Amino acid sequence: MADRIIFSLLLTIFSLSCSLGREVPSPPYIVKQPPTDEVLFQVESGGETDKPFYIECEAVGEPAPKYRWIKNGKPFKWQAYDDRISQQPGRGTLSISKPQDVDLGQYQCFAENEHGVATSNSVFMRKAELNSFKTTQPVSLTGNEGEPFKLTCEPPDGWPKPIVHWIYLYTSGGFKTINSSRMTIDPEGNLWFSNLTKSDVTNNYKYACAATSPFKHEYKYGNSVLLNVVSTGVSAVSNKYEPVLQYVSRKNTVAYLGKQQKLYCIYGGTPLPQTVWSKNGKPIISSDRITQDNYGKSLLIRVVDFEDEGTYTCEVSNGVKEAKSYSINLKVYAVPYFTKEPERINAAEGETVEFRCEAGGVPRPEIKWIHNGKPIAEAPPNPRRRVESNRILIERLTKGDTGNYGCNATNSLGYVYKDVYVNVLSLPPEIIEAPKDTQAVDGQDVTMICKVLGAPKPSVKWSLNDRELTGGRYHVQNNGDLLITNVQFDDRGNYTCFAENKFGTAAEKAQLFVKFHTYITDGPEDYEVAAHTSATFRCNAVSDDSLDLEIEWLKNDQPIDFEEEPRFVRSSDYSLTITQTNELDSGTYTCVARTALDKASANAQLIVQDVPNKPHMEGVECHAKDATIRWKSMGDNRAPISHYIIEYNTTFTPETWTAASNNVPATDMSYNVPMSPWTNYTYRVIAVNKIGKSLPSGHSDVCQTEADVPYKNPDDVKGEGDEPDNLIITWTPMPKIEHNADKFHYRVSWKRDIPEAEYENQDITDWKVKRFVVENQPTFQQYRIKVIAMNSKGAANVAPQEVIGYSGEDHPVEAPSNFTLLKIQGPKTALLSWNAVDKRNVRGHLKGYKIKTWSDISSPMHNEIQVQGYVTKALVDNLDPFTRNYAQVFVYNGKYNGPPSETLRFVTPEGVPEAMSYLEAYPLGALHSNDPSKSATSAFLLTWKKPEKPNGVLRGYNIFYRPIIDGTTNSRLARNPQINGGDVLSAKLSGLKPDTNYVIYITARTDAGESKEFYIERKTNPAGFSAPPGVPDFDWEPVKASEDGKGTVRIQWKPDKNSNPGSHFIVKYKKEGEPNYEEVQVLNDDFVEIPGIAQSESYDFKVTSVDGDHHVDSRVKSINIYSDGPLIKANENMATAGWFIGMMLAIAILLLILIVVCIIKRNRGGKYAVHEREQANGRHDYPDEGGFHEYSQPLDNKSHGRASVSSEPKVGPESDTDSMAEYGDGDTGRFTEDGSFIGQYVPSNMKQLGPPSITAGVNNNALATYV
């Protein structure tokens, strides 16, 4: 600051000299001077190197000032000290090369010339010293473990006041500064122990007091102490002391403005007391200026301000008895300081000048005025000068008023002084620093320079483009500069600075250019990342086009050196990426967009979080059945610790660490864990935060426990046989840590759960064994079981749990009876019921029943339904519609299925078809209308396959379509007409828009309803597309004949799907031998019926595929229809025709029946089997006779009526009578529609089930039970 003042003043004098062509007279002005308090020097002694020091004094003025000094109020002749003291040339600064004790004193410098006398600060020169400690022998002291303790230090005298330390002074000669949360040094140098521990005992070291000088950098050792700590014999958990006051600051403490202040609150106790500070009843939040020191035992105010006054309270507690508190009333004093400083004044004759001087301080300072180095009261009288407490006013100046004036503000703590002058001149205006062309950005403040001198002081005015500037955003400064705030683009132009006084005028011009300001469009955002990952900050900015833009990155306000830090990468888009982040990368990152005129910045915080540092294991306290682990956190790495994990290992599993507790609170630094007997434990601690787990701490010492009986019995005891004649008892083996002593074994006990049964026992000596098999037991009996843990100390100290178990299961021996169809509820569902099986015949745990179903069209292998528990009714929903279904039910236990019930047979009604699985659409050519006002249409040829499961008689298909125009799906349309007939597998879908996407849907239908939709999406051909079609083909069939001998032929168009199919087709036909074809054009279908075809005559048919002007014919086929017999489809092989196969089968069956009857009559002479009929009439005396027994008496009377015990379907016994009418309704000769001869046949032991008739497609007179 002083250098700036000198430069400014020299520049002013130089400018004045140049402008006037001569030296401008000026009183002296002090630019360098000593401080107001003291200067320390060091005297050479004991071989120390002398250190010269300086007392500064330098002034400017015209003519050049001369210097003189006073010491202790008397003139100081420095020349009398030979070459030890000298004054620097051209300055008043004293250089003392070899300081001595006689140099101590109060010094002050005066600089004077013919215009005035300038006075410097008065400074006291003091000797810096540090005396030695008194020589004493080491003192031996003894304290009790857990109690507070004090070591006293008697520091040596010195100036400045020595700084006291306590150190460990090792016997080897080395030393180490003490830094512990339990030890605190008070301002008098005493060392306070909050509590003593065994680690405080001096083994290979001593406690020593040391002092250092902040000026001389000396380090001296003093009195030393040997310390012994007496153990109390009480565990650390029980050895507790309430907080005890050791040292505190005075109740009324004074702090000094701008200085550092420390408030002490030192308490001892066990556990270590914790201190909480508050001010005026409110908690103190630590900041850069106020923070806790000495582990909370002191409060440090780094720079004292008046707002720090108040009552400070420390509250101390350690969980023992009541908390303690102490309050300190802090008062802030201040040495004087200027609130309004006097300034140097250049003025003209006749003007009025004023010096103002105002100062603050506590106590309130007194202001005194100095004139040319003497009190104002001693100055020559001047009637035009008025002196007041804080100002001096001089009116109607004359040349003789030139001189120096000083203001001194003093209180009991010190003083502040400033020396200025008034210089009376007569000068015309002179612009000594003219305005220059200036560039600025909008929104910025800019100053147009115009330094003006003159006496009297010139008035300065500014104009923009010849328009005078007054007020608003334009401010003319006292020195003539123009300040423009919040520059706008309208401020561009020519500026003129005009200065004027009574001796003349002066003017200078310059231009101002305004650019667009720089701003950041995309700034960085706060980032929180896990360590070892990447973090990226983005930054984009915009500036004026005429300015070069540079973007740089700062970390914590310091530029980032990208060459030194390869992990920091700046991309071409100015983004900053930090790879492999670590905790030290945390901080504030600033993006600075800079041009030559301005800059913009944006910052963001990066927090790099890592797993915690591994905790420090403090120790473990071992007890009989538990242990207390103590540890200390070593840092959370910016992610708060959520909890701790305590792990242990034992001699049983030395390589395995097991969690003793997974969720120890983060605030705990000790934890109690249980221990099992007969085990050696070692512990470690892991800290956990949101990033993950820390490394484990070091392991603790070993805790060893004594042997005892087991504390538990095996878990998960069960009894369940795996064979019908055994019982298997299982349990979970107990790990060795639960054995609690040697000779560990299990005692397995079991007995039948019947009265008077006694337990049988078996000892298992191998602790790894987990099962025992009891052989030769009755099938599925209930048992009571228990397993006891035992060792050399005895049985477990808890009673074993008695559990119920069962011996092995066997096959059930009974099938469910009365298996009944209650109701057919739909094509796939039926309600069935049965009678429950006797529990004794289940021979195991009754799990439920299984129902197996199959049909004439499906396999019985996989259709099985399970019914849990004792339910005897079930709704079966997996039947096949419109066919004969079969069902069986059987019981099952935990291992086996029982025998099946009798087989139910029933027919399900017609259902809805399953969804179709195939549909294809072939785009056809565009069809152009003869009406020019109508646009062309397009079409698809659709083909499909029948559904795999029609579930009834297919009646036809429904086709719908939906156009997709501009990505929007429109309403759905139906093809008209829809498809009738289940055998139709193709159709033409016409009337569509060319070059359009369509969604096409198809469903199959029966009388029961429609199937689910199947759909595809296809696109029609464009309207302009036209090409020769591929060669078509066609199928034909006669569909009906009329009484006039004419018939109708159906022609099915089969276009070439592998090339262009065309748009439509034409049928051409003629009688054989005729020259001309008749033509029928078909536009909207893929078939047509041609009537009027004469029977017994041959016709030539062909079809033509059409696409625009292109026509392609198929090959010609000859067609002939007949008047009698069935109508044969064209190209059909008679050997494979259905009517022919049916007729041949009927003939074969009739011939077979006739042959059988003839053979029986020939071999038996009419004695065919009437055994059952006569037996029913009471005859039982059949003689033994030869012949074929299958035609005499039954093979096995017992077999009649017996239900099948197999789970597979069985057919009922076939009748051996030769009369089918015996079992029918008398109509034995009726032919069905297909010409077959099948009578109604229901065996006597078969239940009649299902509806009385079957829908179309099944013989109405048959129940389909002839199997």
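Here, buried means under 20% relative accessible area, exposed over 50%, and partly exposed in between, with a 1.4 Å probe and protein chains only. By that rule Cys622, at 38% relative accessibility, counts as partly exposed.

This is a predicted model, in which local features need pLDDT of at least 70, side-chain atom pairs count only at pLDDT 80 or more, and totals for chains, interfaces and linings use all residues. Residues are numbered from 1 along each chain as its sequence is written, and side-chain values use heavy atoms, with hydrogens and water left out.

**Disulfides**

A disulfide is a covalent bond between the sulfur atoms of two cysteines. In this model, a pair of cysteine sulfur atoms within 2.5 Å is taken as a disulfide, and the count comes to 7 disulfides. The table sets out three of them, among them the link that involves Cys622.

| Pair | S to S | Torsion about the S-S bond |
|---|---|---|
| Cys153 and Cys209 | 1.7 Å | -60 degrees, left-handed |
| Cys265 and Cys314 | 1.8 Å | about 70 degrees, right-handed |
| Cys622 and Cys703 | 1.8 Å | about -70 degrees, left-handed |

Start with Cys153 and Cys209, which are joined by a disulfide. This pair links distant parts of the chain, 56 residues apart: Cys153 sits in the loop between β13 (149–151) and β14 (158–159), and Cys209 in strand β19 (residues 205–212). Cys153 is buried, with a relative accessible area of 5%, and Cys209 is buried at 0%.

Next come Cys265 and Cys314, also joined by a disulfide. Cys265 is buried at 0% relative accessibility, and Cys314 is buried with a relative accessible area of 0%.

Finally, Cys622 and Cys703 form a disulfide. The pair links distant parts of the chain, with Cys622 in strand β59 (residues 616–622) and Cys703 in strand β65 (residues 703–704), 81 residues apart. Cys622 is partly exposed at 38%, whereas Cys703 is buried at 0% relative accessibility.

**Backbone details**

Two cis peptide bonds are worth a look. One joins Trp159 and Pro160, with omega about -5 degrees, and Pro160 lies in the loop between β14 and β15 (163–170). Another runs from Val362 to Pro363, with omega near 0 degrees; Pro363 is in the loop between β32 (358–362) and β33 (366–371).

Ser1096 has a phi of about 70 degrees and is found in the loop between β95 (1087–1094) and β96 (1098–1107).

Ser180 lies in the loop between β16 (175–177) and β17 (183–185) and is buried at 17% relative accessibility.

Methods
Helix = DSSP H or I, 4+ residues; strand = E, 2+ residues; numbered from the N terminus.
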